[in-house]
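Thank you all for joining; I would like to walk you through one model, taking its charged contacts, then its strands, and then its pocket. Please have the structure open while I speak.

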Amino acid sequence: GVSCAGGDAGVVERFEALVQSEAPMPKVMFLQLNDVDIAGHAHSWGSPQYFAAVTATDARLRQIVDALLARLRRRRVAGVAEGENQQGARQEERVLLVVAGSHGGTGTDHGRMLPTDMEVVLALVEV
């Protein structure tokens, strides 16, 4: 996983640097973006600050996807230039992006057996 100072922006910056490098990608990577959770605890789930954090996190997820797509395009072009067929290049680096919330919340807390606390987002995207 990637962790660093600078909050979610710092995590995404480190991720982008790794993906832009020519280093081999790890088989599994975990990124934890905390700004939405922090806003929920500090200002309440559903507050304007919470939704501002959701909007910022959505933009950061777009950065992550864009960085992955750019890497895959570079790798596919390089593979074709080296004589690989595109299917072979496509098989080399495939990415399944899993986006999941850790919990919901009510007010500035969570942990109760309520749908608002227990139901979370889960999205699976093949890049």
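The side chains of R60 and D35 meet in a salt bridge, with 3.6 Å from N to O, where a salt bridge is a side-chain nitrogen of Lys or Arg within 4 Å of a carboxyl oxygen of Asp or Glu. This pair links distant parts of the chain, since R60 sits in helix α3 (residues 48–81) and D35 in helix α2 (residues 35–43), 25 residues apart. Helices here are DSSP runs of H or I with at least four residues, strands are runs of E with at least two, and both are numbered from the N terminus. Before I go on, please keep in mind that this is a predicted model, in which local features need pLDDT of at least 70 and side-chain atom pairs count only at pLDDT 80 or more, while totals for chains, interfaces and linings use all residues. Residues are numbered from 1 along each chain as its sequence is written, and side-chain values use heavy atoms, with hydrogens and water left out.

Are the two partners buried or exposed, or something in between? R60 counts as buried because its relative accessibility is 16%, whereas D35, at 25%, is partly exposed; the cut-offs are under 20% relative accessible area for buried, over 50% for exposed, and partly exposed in between, with a 1.4 Å probe and protein chains only.

How many salt bridges does the structure hold? It holds 4. Another of them joins D66 and R62 at 3.0 Å, N to O, and because these residues are 4 apart in helix α3, about one helical turn separates them. Both ends are partly exposed, D66 with a relative accessible area of 38% and R62 with 45%.

R112 and D117 also meet through their side chains in a salt bridge, at 3.4 Å from N to O. R112 is partly exposed at 32%, while D117 is buried, with a relative accessible area of 2%. D109 belongs here too, as D109, R112 and D117 are linked in a network of salt bridges.

Let me turn to the strands. β1 and β2 run antiparallel and are joined by 5 bridges, the rule being that two strands pair if DSSP finds at least two bridges between them. L97, for instance, has V125 in β2 as its bridge partner. Of the 5 residues of β2, the number buried is 0, so this strand lies largely in the open.

On the surface, L96, V98, L122 and L124 form a nonpolar patch with about 430 Å² of accessible area together. β1 (96–100) and β2 (122–126) each supply at least two of its residues. A patch takes residues with over 30% relative accessible area and no salt bridge, joining like charges within 9 Å and nonpolar side chains (Val, Leu, Ile, Met, Phe, Trp, Tyr) within 5 Å, and the areas come from the Shrake-Rupley method with a 1.4 Å probe, where for residues only the protein chains shown count as cover. V98, which lies in strand β1, is partly exposed, with a relative accessible area of 48%.

V98 returns in my last topic, the largest pocket, whose lining numbers 44 residues, with L31, L97, V98, V99 and A100 nearest its centre. On a 1 Å grid over the protein atoms alone, a pocket is an open set of points where a 1.4 Å probe fits, with protein on both sides within 12 Å along at least five of seven lines, and lining residues have an atom within 4 Å of a point. The largest share of that lining, 10 residues, comes from α3.
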